[in-house]
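Dear colleague,

I am handing over a structure that you have not worked with before, and below it I set out what was found in it. Please keep it open while you read the notes.

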Amino acid sequence: QVQLVESGGGLVQAGGSLRLSCAASGRTFSSYAMGWFRQAPGKEREFVAAISWSGGSTYYADSVKGRFTISRDNAKNTVYLQMNSLKPVDTAVYYCAAASSIATMSEANYWGQGTQVTVSS
């Protein structure tokens, strides 16, 4: 069992930055691929970024490539999402997820409760 708790969301002006954190409980964190998703009001949840268990592979949605960076610290059981050059369209609730592999991230085993990110114009 893995429990995920996101933090770091908030209100920021366009062009600003935020860093989201996702703290995981359980001793098996390092065996999971981790991902970030987001859901804006009235829209479906969408993939943002994912990272392999070792941190050696990362993947990004085209909409955030070059602006967002996913990373992880297995010693701290934490995955991060550094978000730069934020745009109003990035406004959403951001969720972290844990899956057995990046390929199965959309059917992740575990999900956090989400953290709100609001980007003002």
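Rings of Phe, Tyr and Trp, with Trp represented by its six-membered ring, are taken as a pair if their centres lie within 6.5 Å, and a pair counts as edge-to-face when the planes are over 60 degrees apart. Please bear in mind that this is a predicted model. With that in hand, Phe37, Phe47 and Trp111 form one aromatic cluster, and the structure holds three aromatic pairs.

One of these pairs joins Tyr32 and Tyr110, whose ring centres are 5.8 Å apart and whose planes stand at 80 degrees, so the pair is edge-to-face. Because Tyr32 lies in the loop between strand 3 (18-24) and strand 4 (33-39), while Tyr110 belongs to strand 10 (residues 110-111), the pair ties together parts that are 78 residues apart in sequence. Both Tyr32 and Tyr110 are buried.

Phe37 and Phe47 also form an edge-to-face pair, with 5.7 Å from centre to centre and 75 degrees between the planes. Phe37 lies in strand 4 and Phe47 in strand 5 (residues 46-51), so this pair ties together parts that are 10 residues apart in sequence. Phe37, at 5% relative accessibility, counts as buried, whereas Phe47, with a relative accessible area of 30%, is partly exposed.

Two arginines are placed over aromatic rings: Arg45 lies over the face of Trp111, at 3.9 Å from the ring centre, and Arg72 lies over the face of Phe29, at 4.6 Å from the ring centre.

Leaving aside residues up to four places away in sequence, Leu4 touches, among others, Cys22, Met34, Cys96, Tyr110 and Trp111.

Finally, the structure holds one disulfide, formed by Cys22 and Cys96 with their sulfur atoms 1.9 Å apart. Since Cys22 lies in strand 3 and Cys96 in strand 9, the pair ties together parts that are 74 residues apart in sequence. Cys22 is buried, as is Cys96.

How values were computed:
Residues numbered from 1 in each chain as written. Predicted model: local features only at pLDDT ≥ 70, side-chain atom pairs only at ≥ 80, totals over all residues. Heavy atoms only, no water. Phe/Tyr/Trp six-rings, centres within 6.5 Å; stacked < 30°, edge-to-face > 60°. Helix = DSSP H or I, 4+ residues; strand = E, 2+ residues; numbered from the N terminus. Buried < 20%, exposed > 50% of the residue type's maximum accessible area, 1.4 Å probe, protein only. Lys NZ or Arg CZ within 6 Å of the ring centre and 35° of its normal. Contact = heavy atoms within 4.5 Å. Disulfide = S-S within 2.5 Å.
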